Amino acid sequence: MTELFSKLYSQLEQNLPFVIYSKPNDHVSNGLFQQNDTLHELESENSSGFVFASFYNDVNYIIPIAESELISVENTIKEVQYNEFEQSFTQEAKTDFENLVSLFVKEIRSGSCSKIVASRCEKFELKDFDVEKSFKRMVYLYPTAFKYCFFHPEIGMWLGATPEQLLKVNNNEISTVALAGTKTINELEKEWGEKEKIEQQLVTNFISESLEPFVDKLTLSEPYTYQAGKLLHIKTDIKAILKDNNHKDKVVQVLHPTPAVCGFPKDYARDFIIKNEGYARDFYAGFLGEWNFKINEKHTTDTDLFVNLRCCKIEDQVAKIFIGCGITEDSNPELEFIETVNKSETIKKIL
Ligand SMILES: C=C(O[C@H]1C=CC=C(C(=O)O)[C@@H]1O)C(=O)O
């Protein structure tokens, strides 16, 4: 992996954009190293490169392959060391988030919507941040996640290990997932509660209905328990055949942001979040990944996108960690806060 990181250091020194990433259950890490510092918007669905899109969907950027050097290397990490840290939070953060959840519950109980995802941003002080070590820890600790480090001088540096696929397109075959509901690995034997099952079913229904106009042969797996680090979620695999290969960008538009990160109905939930959450999600809960390209394959329209969860933005000596959870009429504000604390561990462990 030396080649990948020496290229990364050289990009950072010159303040040039790059992304390095490793896909779920893959044995390689890939890098796109842009040769100039232009900030490209994803304007045409025919562009090829690595996209980085915000939650609000107002800015979709791309590192184009045509302007980048591509590297793919074997993951050769035998062991990693990581910092142990005390689980900690401030009373203020707890109260603020619990108030937000109570507001969301009240709104849902008024009948305007059935689910809204509440999130917060926690500032985590960095002692000796080392991007190479952090990336290697993610690759080692989270084999089933999509791990990445993205940098652009006008955006900053983001890192994440997300368990959620937004859309994979292989010729005309597409797949996605409905992921929601959270418990810790210690609760493996405990049955999923009704609240979690309903929350996840909402995501499955939304995705199936949104895909309907664009696909044939839609199939759903049974919901099953999926492990992401020390957390467990309920997941349904969804597959279908695209009626028209050119409809890929429309499918992304209808899916994003899914009720796993936004809510239902989508537009109502998104507006409510923007008005009430009290901070900017930025690229958290946006999406990212390969757009019309596959490493080592020229001229492909294949696409592999993930939702930007379990992520942070590095700013000087601070990591801004973004965490959220799905709120329904039965949510308990304190338990939802604890859920965000548990989710924040995924990132704290690798910093
Ligand atoms: C919004 C997040 O997680 C989503 C994905 C899986 C489970 C979730 C939940 O149980 O609330 C969330 O919908 C996050 O990690 O910030």
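These exercises explore the ligand site, the cavities and the pockets of a predicted model.

**Exercise 1. Find the residues around the ligand and its polar contacts.**

Step 1. Start with the shell. It holds 16 residues, and T182, A260, Y284, R310 and G326 come nearest to the ligand.

Step 2. The cut-off for a polar contact is a pair of N or O atoms within 3.5 Å. T182 has a polar side-chain atom 2.5 Å from a ligand oxygen. For E199, an N or O atom of the side chain is 3.2 Å from an oxygen of the ligand. G326 takes part through its backbone: a polar atom there is 2.7 Å from a ligand oxygen.

Step 3. Check the cover. On its own the ligand has 390 Å² of accessible area, and the protein covers 99% of this.

**Exercise 2. Describe the ligand shell by element and by class.**

Step 1. Name the elements that give two or more residues to the shell. They are strand 11 (173-184), strand 19 (318-327) and helix 7 (333-348).

Step 2. Sort the shell by class. Seven residues are nonpolar, five are polar and four are charged.

**Exercise 3. Which cavity does the ligand take up, and what lines this cavity?**

Step 1. Survey the cavities. The structure has four of 30 Å³ or more.

Step 2. The space it takes is the largest cavity. The volume of this cavity is about 200 Å³.

Step 3. Find the lining. There are 21 lining residues, and A260, L309, R310, G324 and K343 are the closest to the cavity's centre.

Step 4. Trace the lining to its elements. Strand 7 (115-125), strand 11, strand 19 and helix 7 each give two or more residues. Strand 19 has the largest share, with five residues.

Step 5. Sort the lining by class. It has 10 nonpolar, five polar and six charged residues.

**Exercise 4. Describe the second largest cavity.**

Step 1. Give its volume. The value is about 80 Å³.

Step 2. List its lining. The residues are Y142, T144, A145, A161, P163, Y226, A228, G229, R310 and T346.

Step 3. Look for a link to the ligand site. R310 lines the second largest cavity, and R310 is also among the residues that come nearest to the ligand.

Step 4. Sort by class. Six lining residues are nonpolar, three are polar and one is charged.

**Exercise 5. Describe the largest pocket.**

Step 1. Give its volume. The pocket holds about 760 Å³ of space.

Step 2. Find its centre. Of 31 lining residues, A93, R120, C121, E122 and K123 lie closest to it.

Step 3. Name the elements. Helix 2 (91-109), strand 7 and strand 19 each supply at least two lining residues. Strand 7 gives the most, with seven.

Step 4. Sort by class. The lining has 13 nonpolar, five polar and 13 charged residues.

**Exercise 6. Which element gives the largest share of the lining of the second largest pocket?**

Step 1. Strand 11, helix 4 (194-211) and helix 7 each give two or more residues.

Step 2. Pick the element. Helix 7 has the largest share, with five residues.

Step 3. Sort by class. Four lining residues are nonpolar, six are polar and nine are charged.

Methods: Residues numbered from 1 in each chain as written. Predicted model: local features only at pLDDT ≥ 70, side-chain atom pairs only at ≥ 80, totals over all residues. Heavy atoms only, no water. Near = heavy atom within 4 Å. Polar contact = N/O pair within 3.5 Å; in protein donor to acceptor, adjacent residues only side chain to side chain. Areas by Shrake-Rupley, 256 points an atom, 1.4 Å probe, with all protein chains shown as cover. 1 Å grid on protein atoms, 1.4 Å probe; cavity = no way out; pocket = protein on both sides within 12 Å on 5 of 7 lines; lining within 4 Å. Sits in = over half its atoms within 2 Å of the grid points. Helix = DSSP H or I, 4+ residues; strand = E, 2+ residues; numbered from the N terminus. Nonpolar A, V, L, I, M, F, W, Y, C, P; charged D, E, K, R; others polar. Points joined across faces, edges and corners; volume = space filled by probe spheres on them.
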